[in-house]
Amino acid sequence: MELFSRAGCLTDEGLKGLVEGTLDEMQRMEAAEHLSFCDECLVRYTQLLTDDVLIVPDETLTPTIMKRVKTKAVQIFFNRYTRIAAALALAMMLWSIGTFDIFLPEPGKHRLNIPEQPTEPPVAAVQQIWNAVESAQQKFFSRVQNMLTQDAPKENR
């Protein structure tokens, strides 16, 4: 059997042998190497492969598969929404028996102790915090300065 034509491409006989598996190991390797760089032979080879007859099952599988898909969709729907419905039913039951009333303020009272008149902002407290931050910042920078000045003579040695 002649594997290659004079032009250097695979012959029809060689391609058919490759598809049927009648080529020896060396011929298969040569054909595979040729197919890796020759687009024309690769197109002819894939056409030979796609001409095969597909195996058709005795009975159609579509109804069986569709039934399984529908069953799974129903399971997912009910698993997801059953939990939501149960949580909602529990919340409505607790609300109806007054469980959440302890979180509601009594009529006429504020829930939080909010003064009627707005007060002045706590300037003194803000000033103390600001002074503490400035002090900490000065200490930090002075320590960094000391560390840098202590390391500087060591580097010059």
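Q: What covers the buried residues of helix H1?
A: In this predicted model, the cover over the buried residues of H1 includes helix H2 (25–37) and helix H3 (39–50).

Q: Which residues of helix H1 are called buried, and what makes them so?
A: Within H1, which spans residues 12–20, the buried residues are Gly14, Leu15, Gly17 and Leu18. The term applies because buried means under 20% relative accessible area.

Q: How do you know on which side of H1 the buried residues lie?
A: Gly14, Leu15, Gly17 and Leu18 are the buried residues of H1. They cover an arc of only 160° around the axis, and therefore they lie on the same side of H1.

Q: Why are Asp12 and Glu20 called exposed?
A: Asp12 and Glu20 are found on the other side of H1 and are exposed. That word is used because exposed means over 50% relative accessible area.

Q: How do you know which pattern the chain follows?
A: The chain has 5 helices and 0 strands. Read along the sequence, this gives the pattern α-α-α-α-α.

Q: What share of the chain is buried?
A: Of the 157 residues in the chain, 10% are buried. The accessible surface of the chain comes to about 14500 Å², with 61% of it belonging to carbon and sulfur atoms.

Q: What share of the contacts between residues at least 6 apart in sequence joins residues at least 24 apart?
A: Among those contacts in the chain, the share is 44%.

Methods:
Residues are numbered from 1 along each chain as its sequence is written. This is a predicted model: local features need pLDDT of at least 70, side-chain atom pairs count only at pLDDT 80 or more; totals for chains, interfaces and linings use all residues. Side-chain values use heavy atoms; hydrogens and water are left out. Buried means under 20% relative accessible area, exposed over 50%, partly exposed in between (1.4 Å probe, protein chains only). Helices (H or I, at least four residues) and strands (E, at least two) are DSSP runs, numbered from the N terminus. The arc is that of the directions from the helix axis to the C-beta atoms. Contact means heavy atoms within 4.5 Å. Accessible areas come from the Shrake-Rupley method with a 1.4 Å probe; for residues, only the protein chains shown count as cover.
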